[in-house]
Amino acid sequence: MVLTGTVSVIALAAYVTYLDFMNNMGHCNFELIPNWLFTLLPPLKYIIYTPSFHSLHHVQFRTNYSLFMPFYDYIYGTMDKSSDSLYEKSLRRKEESPYVVHLTHLTTPESIYHLRLGFASFASKPYTPSTWHMWLLWPVTLCSMMLTWIYCSTFVVESNRFHNIILQTWAIPKYNIQYRSKSQKQSINNLIEEAILEAEEKGARVLSLGLMNQGEELNMYGGVYMQKHPQLKVKLVDGSSLAVAVVLNYIPKGTTQVVLRGKLTKVACALAFALCQKRIQVSVLREDGYEKLDKLLGTKSEGKLVLSKSYTCKTWLVGDGLSEVEQRKASKGTLFIPFSQFPPKKLRTDCFYHTTPAMQIPLAFENVDSCENWLPRRVMSIWRIAGLVHALAGWEEHECGYTTSNIEKVWEATLKHGFQPLKVPTHLKS
């Protein structure tokens, strides 16, 4: 273009955009180009390549060298003979149906970059709040927000394989702030219900509800859908039993007292009951929380539920609603163990903070290309694992609403399938 005097900003931008698009398409491992396009324009097969065409270069190495234009491979005899047959076979292949679906949602506008289609450098680390360079991407972020509002349909985030089971993660195109809005409640519930019915139609055996998709105020921990569709074949799992089992495992051995602070969710109440049964004293800092738990547990508390104003206890089980004032009142060296899906804000450098309920996944778990929310690589949230374990164990009951499964049974099944507990932090970062 420079030699012929036809160079321009538009031509250069179009050329770079075309190269980038073709490069991404050629490596996406999904056949995008329909057969009718080549039938309508036969010469097109010499001008653009297909993902299946380029995949043979990575398999055979000495064939299909051409980037974007197979024309040169035809000229020099380096085209793989199976190119056309592989393309036809790829088009005929049926979509893989998920055996387990984990239903999550977007958290903040920038969380879109944490998906595997976002930035690899960003997705390879636990999700963190906005940094200065993310502000430079606000035009792109705003466009992505508009797209989610216009599209407004659940989309596949990731597909994993564990032995012979396919686990897909689907995302509701809603953000945290929308989940907190009463006006959005019906819209979100409709999207969740549609996802559940779609998962059943695709043959999924289990659907686990992640993040705020299982809120008590939103849908009674998923119980609303079970009541509305009593003949539902796909099993709904809220992961509460496994969450309780994991948090109990985080508590250091020899502990005789814990502080329970945060919103009294289903998990919090089940934790309080399990701890009282283990003869561990449960201290509640607020009177309204104590009255609610005392009414719920009654004599089952074994006298281990107490209202306390002391902050000397070194083990705190915390959920949503932990105030900064309370956190600063905790003793030096306190261990904060979250039982909620969202981590507390780390305000103290002289205390220990555990991750939200999660476990290390087995090496056999494939296609884990990005971190999950704020967790390290190859560490998965309990709410995602719970659905997978439910399917692996072949359990036929729902685990949603106000019912919980047997905690010991769920814990043993999880360990049996290779998931490993995380280490409890024992030293402070310098």
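Trainee: What are the helix and strand contents over residues 258-421, and how far apart are the end C-alpha atoms?

Mentor: Over residues 258-421 the chain is 31% helix and 19% strand, and its end C-alpha atoms lie 20 Å apart. Helices (H or I, at least four residues) and strands (E, at least two) are DSSP runs, numbered from the N terminus. The model is predicted: local features need pLDDT of at least 70 and side-chain atom pairs count only at pLDDT 80 or more, while totals for chains, interfaces and linings use all residues. Residues are numbered from 1 along each chain as its sequence is written, and side-chain values use heavy atoms, with hydrogens and water left out.

Trainee: Which feature does UniProt place at residues 258-421?

Mentor: An unreviewed UniProt entry gives "domain: Very-long-chain aldehyde decarbonylase CER1-like C-terminal" there. UniProt positions follow the numbering used here, feature names are shortened, and annotations may be inferred rather than shown by experiment.

Trainee: What makes Gly222 buried or exposed?

Mentor: Its relative accessibility is 0%. Buried means under 20% relative accessible area, exposed over 50%, and partly exposed in between (1.4 Å probe, protein chains only). Gly222 therefore counts as buried. Its place is in the loop between helix 11 (216-219) and helix 12 (223-228).

Trainee: Which residues is Gly222 in contact with, leaving aside neighbours within four places in sequence?

Mentor: Contact means heavy atoms within 4.5 Å. With those neighbours set aside, Gly222 touches Leu209, Leu236, Cys400 and Gly401.

Trainee: Why are the buried residues of helix 15 said to line one face?

Mentor: In helix 15 (residues 287-297), the buried residues are Gly289, Leu293 and Leu297. Seen down the helix axis, they fall within an arc of 50 degrees, so they line one face of helix 15. The arc is taken over the directions from the helix axis to the C-beta atoms. Turned away from that side are the exposed residues Asp288 and Lys295.

Trainee: What do the buried residues of helix 15 pack against?

Mentor: They pack against strand 6 (257-261), helix 14 (266-277), strand 7 (281-284) and strand 8 (305-307). After helix 15 comes Gly298, with a positive phi near 60 degrees.

Trainee: What makes Glu158 and Arg384 a salt bridge?

Mentor: A salt bridge is a side-chain nitrogen of Lys or Arg within 4 Å of a carboxyl oxygen of Asp or Glu. For Glu158 and Arg384 the closest N and O atoms are 2.9 Å apart, and the pair forms a salt bridge. Glu158 lies in strand 2 (residues 155-162) and Arg384 in helix 17 (residues 382-393), so the pair ties together parts that are 226 residues apart in sequence. Both residues are buried.

Trainee: How do you know that Asp238 and Lys266 form a salt bridge?

Mentor: Their closest N and O atoms are 2.5 Å apart, and they form a salt bridge. Asp238 lies in the loop between strand 5 (235-237) and helix 13 (240-250) and Lys266 in helix 14, so this pair ties together parts 28 residues apart in sequence. Asp238 and Lys266 are buried. Elsewhere, salt bridges that share partners join Glu158, Glu372 and Arg384 into one network.

Trainee: And what is the distance for Asp84 and Lys45?

Mentor: The closest N and O atoms are 3.7 Å apart, and Asp84 forms a salt bridge with Lys45. Asp84 is in helix 5 (residues 83-92) and Lys45 in the loop between helix 2 and helix 3, so parts 39 residues apart in sequence are tied together. Asp84, at 40% relative accessibility, counts as partly exposed. Lys45 is partly exposed too, with a relative accessible area of 30%. The whole structure holds 13 salt bridges.

Trainee: Which residues form the nonpolar patch on the surface?

Mentor: Patches are made of residues with over 30% relative accessible area and no salt bridge: like charges are joined within 9 Å, nonpolar side chains (Val, Leu, Ile, Met, Phe, Trp, Tyr) within 5 Å. Here Tyr18, Tyr46, Ile47, Met69, Phe71, Tyr72, Ile75 and Tyr76 form one with about 800 Å² of accessible area together. Areas come from the Shrake-Rupley method with a 1.4 Å probe; for residues, only the protein chains shown count as cover. Helix 4 (residues 71-76) gives the most, with four residues. Ile47 sits in the loop between helix 2 (35-40) and helix 3 (51-60); its relative accessibility is 41%, so Ile47 counts as partly exposed.

Trainee: How many helices and strands does the protein have?

Mentor: It has 18 helices and 15 strands. Buried residues make up 47% of its 430 residues.
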